[in-house]
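Dear colleague,

Please find below the structure that I am handing over to you, with its sequence. My findings follow directly after it.

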2 protein chains.
Amino acid sequence: MTTSYTPLSPTPRSTPRRRDRTRTDRRELYRLLDDAIVGHLAVCIDGAPLVLPTIFGRNGDSVYIHGSSAARSLREGSAPGAAVCFTVTHLDGVVFARAAAHHSMNFRSAVIHGHARAVTGREQKLAALETIVEHVTPGLWTHSRPPTKKELAQTQVLELDTSEASVRVRQGPPADDLADVEADDYWAGVVPMRPVFGPAEPSPDLRRHRAAPAYINSWSQNKSRVIC
Amino acid sequence: MTTSYTPLSPTPRSTPRRRDRTRTDRRELYRLLDDAIVGHLAVCIDGAPLVLPTIFGRNGDSVYIHGSSAARSLREGSAPGAAVCFTVTHLDGVVFARAAAHHSMNFRSAVIHGHARAVTGREQKLAALETIVEHVTPGLWTHSRPPTKKELAQTQVLELDTSEASVRVRQGPPADDLADVEADDYWAGVVPMRPVFGPAEPSPDLRRHRAAPAYINSWSQNKSRVIC
């Protein structure tokens, strides 16, 4: 049995200008989101944009974002009719070209457009928070004290569907003009970059010595997981 | 002789809600910007936000952003009266708390609000592009073929002043409730993260074998430079 995925980029604004950098397979969007911890949420407030970093989670076609009940970005972002944009970016390398105009970055980024919905109701909020916490580190939700009623009330949760989204990818060596390649005046290439995790640092207020749990160590030591 | 810096956060929207995570020293903004390669530029188009990653440079109080002349985000962002928001985020670690509500990230982020100005004129554009290229890697501008007249015409450059900006920083161990600390049911601590650079990968179309230049190797091997 095969699952069919609705394509990305159903609208002009979710259709990147550069076709060579555009991906249309929805599974690439999911992979890109699942490999990241943090994205940037943008809202318009009184006609001016505001963009802030935030952790998030994904479940199926939905992205979940949470924050304090006092956070204006989330309140405005989930107001009826308000549009949001949520962007996730991985940086993979600096591209050094011969020509200044062709220096670039290797990257993968997803841009999601839409209207966010405030998640309400205890069970729905808990499920969304579990999605976010498990997205950051699988296993973390069951290794934490669950939110109290008061903590839940102090938390806003937004759901954003990913139906209107685009994925841009640039990888590989510089793309210089042939004349610059032939002139051979400058070095050209890529310096790859990726985020790495260090050893777990126990909190100084732990009541007794204990090692970081296996689910955290195995996650942070998995260098193939690319997070930015 | 001491230089005086105008403080950050002169307006309500550039005053973060959480005082404990707020920095007000303008030099922290400059350091945070100078340590990054990429930021996220947000504009409002027809009432909906659009946020995209972009490289940038800083010179004094100004941030410079560039892109294709066809890029709508830059065209809309520099239209008279149009407001923009530019955010730069460094991720420093994942904070594992005892309580799900206290999991967090260690991060440093800068948010700049304002009105961008299109940079026009050959000399002004070249100076801004030099700022951007040198911001990515010091020495790179003089090791590249300068832009042609046509390449300059195909490039938009925006200048954004940093007078209205905020800096948020969270560092250190989790901040759990005392009851959760005493209960001692879960491990708590931080897994630090940082971006690292790999060895330079020469472009396959180099006309002869040559090592990456010293200015690139010394830059990428400088592990203390934190980039995300």
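In this predicted model, the contact between the two chains involves 90 residues of chain A and 90 residues of chain B. The size of an interface is often expressed as the accessible area that is lost when the parts come together. Here chain A and chain B bury about 7200 Å² between them, and 66% of that area lies on carbon and sulfur atoms. Within chain A, the residues that lose the most area to chain B are A:P49, A:R145 and A:W187, which together make up 10% of what that side buries.

One salt bridge links the side chains of A:D184 and B:R208, with a distance of 2.7 Å from N to O. On the side of chain A that touches chain B, strand β10(A) gives the most, with nine residues. Sorted by class, that side of chain A has 56 nonpolar, 17 polar and 17 charged residues.

Helix α6 of chain B deserves a separate paragraph. This helix spans residues 214-221, and its buried residues are B:Y215, B:I216, B:W219 and B:S220. Because these residues cover an arc of only 120° around the axis, they sit on the same side of α6(B). The exposed residues B:A214 and B:Q221 are carried on the face turned away from that buried side. What do the buried residues of α6(B) pack against? In chain A, their partners are β5 (84-96) and β10 (189-197). In chain B, they pack against α3 (122-136) and β10 (189-197).

In one of them, A:R117 pairs with A:E159, and the closest N and O atoms are 2.3 Å apart. A:R117 belongs to strand β7 (residues 117-118) of chain A and A:E159 to strand β8 (residues 155-161) of chain A, so this pair ties together parts that are 42 residues apart in sequence. Are the two partners buried or exposed, or in between? A:R117 counts as partly exposed because its relative accessibility is 47%, whereas A:E159, at 16%, counts as buried.

A further salt bridge within chain A joins A:E151 and A:R145, with the closest N and O atoms 2.7 Å apart. A:E151 has a relative accessibility of 9% and counts as buried. A:R145 likewise counts as buried, at 17% relative accessibility.

In chain B, the side chains of B:R27 and B:D25 meet in a salt bridge of 3.1 Å, N to O. B:R27 is partly exposed at 41% relative accessibility, and B:D25 is partly exposed with a relative accessible area of 28%. Elsewhere, salt bridges that share partners connect A:R145, A:E151, B:D177 and B:D180 into one network. A:R145 was named above as one of the residues of chain A that lose the most area to chain B.

With kind regards

Technical notes:
Residues numbered from 1 in each chain as written. Chains lettered and ligands numbered in written order. Predicted model: local features only at pLDDT ≥ 70, side-chain atom pairs only at ≥ 80, totals over all residues. Heavy atoms only, no water. Buried < 20%, exposed > 50% of the residue type's maximum accessible area, 1.4 Å probe, protein only. Helix = DSSP H or I, 4+ residues; strand = E, 2+ residues; numbered from the N terminus. Arc of directions from axis to C-beta. Contact = heavy atoms within 4.5 Å. Buried area = accessible area lost by both parts, 1.4 Å probe. Salt bridge = Lys/Arg side-chain N within 4 Å of Asp/Glu carboxyl O. Nonpolar A, V, L, I, M, F, W, Y, C, P; charged D, E, K, R; others polar.
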